[in-house]
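Please look over the sequence and the structure shown below before reading this briefing. The notes that follow are grouped by topic.

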Amino acid sequence: MGTALVTGATSGLGEEFCWQLAAARHDLVVVARTKDRLEELATRLRQIAGVAVEVLPADLSDATDVARVAQRLPGPASPGGLPPAGGPAPIGLLVNNAGFGLGRPFLADDLASEQKALDVMVRAVMVLSHAAARSMVARGRGAVLNVGSVAADTGMGTYSAHKAWVRTFTEGLSEELRGSGVTATVVSPGLTHTHFHEAAGLDVSATPGWAWATPEQVVSAALDAVRHGRTLVTPTPLYKVTTAVTRLAPRCVVRAVVRRLPHT
């Protein structure tokens, strides 16, 4: 069972990860920017699921906050990869879930916003994965789960680029970890019923209901992949097919389709 650390824990897929992990009797470290929302979530998880929950407020666009989260994993400085006697339990599963859509084309967006997105969805994933994987390898067990997107294959602006990096990075990490007892998995969901698009200011009201997955479906598929040591998972049959078509289609065709879609 052990302890899992989930970033972006207070909404959407992050919150669903918390509930499904708690149902499986994992203790949790929950990470997000807003302490009050983290405390509310932690209280509900403790009362309903009966697991231990540690609250760790952090802004993952801030390097100092990222370093503080990395120190909790814990890092490899602890002898044998274990925490000091009486210290916090080591993290057995890291879920790099935090992320957001920008909702504007790259040239129309503010550069500071673009850099913040890069820090959260690329830099933080790299830093936390490095700290977690080194600590896990020292113990001979553990898993890193990164949240990607089917957008990684589309060339849909910087969000797609970030998620393409996450997928490629996770594949490389998975190979590096082979035989260590530690695994790396990337889940690539498509349209999912969360507040992601609303927060990005994207109007997806015309999207048909059959195109959407639920957070429960995405998280269940992701955690099943982790349990079986799989590196790549795309939830729901629709997006498995969509991903296959996107990868096989000429890139000029993919770009032509993307031009008709709202930017994330």
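Which residue in strand 2 does Leu5 stand opposite? Leu5 stands opposite Val29. This is a predicted model, in which local features need pLDDT of at least 70 and side-chain atom pairs count only at pLDDT 80 or more, while totals for chains, interfaces and linings use all residues. Residues are numbered from 1 along each chain as its sequence is written, and side-chain values use heavy atoms, with hydrogens and water left out.

**Strands**
- Strand 1 (residues 3-7) pairs with strand 2 in the parallel sense over 5 bridges, where pairing requires that DSSP finds at least two bridges between two strands.
- Strand 2 (residues 27-32) is mostly covered, with 5 of its 6 residues buried, that is, under 20% relative accessible area with a 1.4 Å probe and protein chains only.

**Helix 1 and helix 2**
- The axes of helix 1 (residues 12-23) and helix 2 (residues 35-49) are 10 Å apart and lie at an angle of about 25 degrees, and the two helices are therefore roughly parallel (angles under 35 degrees).
- Glu15, Cys18, Trp19 and Ala22 of helix 1 make the contact with Leu41, Arg44, Leu45, Ile48 and Ala49 of helix 2, contact meaning heavy atoms within 4.5 Å.

**Helix 3 and helix 4**
- Helix 3 (residues 63-71) and helix 4 (residues 111-139) have axes that come within 9 Å and cross at roughly 25 degrees, which makes helix 3 roughly parallel to helix 4.
- In helix 3, Ala63, Val66, Val69 and Ala70 meet Arg123, Ala124, Val127, Leu128 and Ala131 of helix 4.

Technical notes. Axes fitted to C-alpha atoms, helices over the stretch in contact; angles between N-to-C directions. Helix = DSSP H or I, 4+ residues; strand = E, 2+ residues; numbered from the N terminus. Parallel < 35°, antiparallel > 145°, perpendicular 65-115°, else oblique. Buried < 20%, exposed > 50% of the residue type's maximum accessible area, 1.4 Å probe, protein only.
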